[in-house]
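User: I would like to learn how to read a protein model feature by feature, with the general idea stated before the case at hand. Could you take me through one?

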Amino acid sequence: MQLDGHADGPAVDRLLLLLPDQLHASYLESAGLDRDADLVAQMELAGDFERVPSHQQRTALFLAAMRHFALELESDGWRGLYVPLDDPENDGDLGGQLERVWRAVRPARLVVFRPGDFVTLEAVEAATRELGIDLELLEDPHFLVEPEAFAEWAEGRKSLVMEHFYRRSRRRLGVLMTDDDKPVGGSWNYDQENRERLDEEAPERPPRFRCEPDELTREVLALVEERFADAPGRLESFAWPVTRERALAALDDFVVNRLPWFGAYQDAMKTGEPWLFHSLLSPALNLKLLDPRECVERAEAAYEDGEAPLNAVEGFVRQLIGWREFIRGVYWLEGPSYAEGNHLEATGDLPEPYWSGESDMTCLAESVGQVLEHGYGHHIQRLMVTGNLALVAGVEPRQVNDWYLGMYVDAMDWVTLPNTQGMTLYADGGVVGSKPYAASGRYIERMSDYCASCPFEPGERTGERACPITVFYWDFLDRRRERLEAVPRMGLALKNLDRLDDAELEEVRRRAGELRRELGIEPRAE
Ligand code: SF4
């Protein structure tokens, strides 16, 4: 139902504003919505895709999934109201559109589930205050741990250790636990088995599970192509699930075709192969087309039926009930000021290749190239290639955070901010990670085949073929030595730094400065 003419419709008691990433029937059930008395509103807001430059596939994914969900609600008998992007009176601003909807419908109350970002929460609260609306703010039923429960867990702890949170969640939920409350298999995690390289003996990778765009999605793709023509990324390869039905099919495909090898190869990287054995479920999960509980149940059942090994299933489960929930807990615990941290005082600009994908550095060209093409990169590419380079080259956290939020189809602020600000950049001074995950080109050489076709040499820190990542790594240790000395887990790295003689260190510094200028990082003030 469109907004125009709604004023003549039947009276509305509660209006549920479903945000763009809340696309599951559980929201309506959880709110106790009444089909006859209540109404569901969805709004396509340009501001959501323009606050930071949003990859065209990311924008298209949101819009296509929202439109499909609105149709599902309608066919399920719900009264709905939808504000499309191309409504001439849609100014793209949450406050303005909420006011329009409110005046048209005149409900008794507004119901909103906790948004996935501070900006939206503040906008909802400000708009309801201004309009004098009675707001019911509910917790998001998709997640396993509410922010308040996370804050209780965090209370009084010297540091927030994900592994402790994860074990507690396993116990609480009874996932991969024995009857006498021990982890199945005797160990809480199998990371040591999950670091295989993709060599010739590795199993063949299954093709990507594609969800071919239907007519409605093709309309959205055309709309995005026209309206967001200048936005980064390309649309051609769009094949993400945009309905719950297709998301469930993607889950099936993962469990059968990828999960058995997911664990062993989860940290591997390979030229020209963006998908490997990864689940590719995060976009559907973060739009809430899938529920984490059903994903965990499917994976656990695959283990119990002997269809997937424990190292793979445990690794997948840890991502879902451990890391994902932990990161969200940190986001709400830390609050909006978390984004302002810059513990390592990084002030450089984001290198230009992050937008073009053009670079002599194979690891960077590959990792960014596939992001531009598909809006996707797996966690090790995010952490150890694009993230590591930003860390060791000294790029300003705000620019890195914005890039991660805009460029990935699964990106929401609650997930990208703590991952980037905390895990990747150590800009939070150690809230999320116990040390900066800085690495030289040697790590990339070990986990990928990128270096084999690169003009640089990962083990070289000086000379014509010195690997830029390696140069930046040693320069980072040197530049930020004072801060890093306070981090116990950096002791060994700093000891290794001491082994460089003065001439070599001077050459590293010189080359790092040169590279910073070449890549457009050039610090504004250091
Ligand atoms: Fe990347 Fe260095 Fe390896 Fe080239 S040599 S791919 S720049 S890590």
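**Reading the strands, the fold and one arginine**

Analyst: Let us begin with strand pairing, where two strands pair if DSSP finds at least two bridges between them; here S4 and strand S5 (residues 135-138) pair in the parallel sense over four bridges, and valine 111 stands opposite glutamate 136 in S5. From S4 the chain passes through helix H5 (residues 118-131) to S5 in a right-handed β-α-β crossover, meaning that, with the strands pointing away from the viewer, the path from the first strand over the helix to the second runs clockwise. This is a predicted model, in which local features need pLDDT of at least 70 and side-chain atom pairs count only at pLDDT 80 or more, while totals for chains, interfaces and linings use all residues. Residues are numbered from 1 along each chain as its sequence is written, and side-chain values use heavy atoms, with hydrogens and water left out.

User: Which strand is joined to S4 by four bridges, and runs parallel to it?

Analyst: That is strand S1 (residues 14-17), in which leucine 15 has leucine 110 of S4 as its bridge partner. Helices (H or I, at least four residues) and strands (E, at least two) are DSSP runs, numbered from the N terminus, and the protein has 23 helices and five strands.

User: How many residues of strand S4 are buried?

Analyst: Buried means under 20% relative accessible area, exposed over 50%, and partly exposed in between, with a 1.4 Å probe and protein chains only. By that rule four of the five residues in S4 (residues 109-113) are buried, and across the protein buried residues make up 60% of the 526 residues.

User: Why does the radius of gyration agree with a compact globule?

Analyst: The radius is taken over C-alpha atoms, and the globule rule is 2.2 Å times the number of residues to the power 0.38. For 526 residues that rule gives a value near 24 Å, and the protein has 24 Å, so the two agree. Along its principal axes the C-alpha trace spans about 80 × 55 × 50 Å.

User: Where is arginine 258 placed, and is it buried or exposed?

Analyst: Arginine 258 lies in the loop between helix H9 (244-257) and helix H10 (259-262), and it is buried, with a relative accessible area of 1%. Contact means heavy atoms within 4.5 Å; leaving aside neighbours within four places in sequence, arginine 258 is in contact with residues including Pro206, Phe209, Asp253 and His278. Its side chain also reaches the backbone oxygen of leucine 276 at 3.4 Å.

Terms used
Polar contact = N/O pair within 3.5 Å; in protein donor to acceptor, adjacent residues only side chain to side chain.
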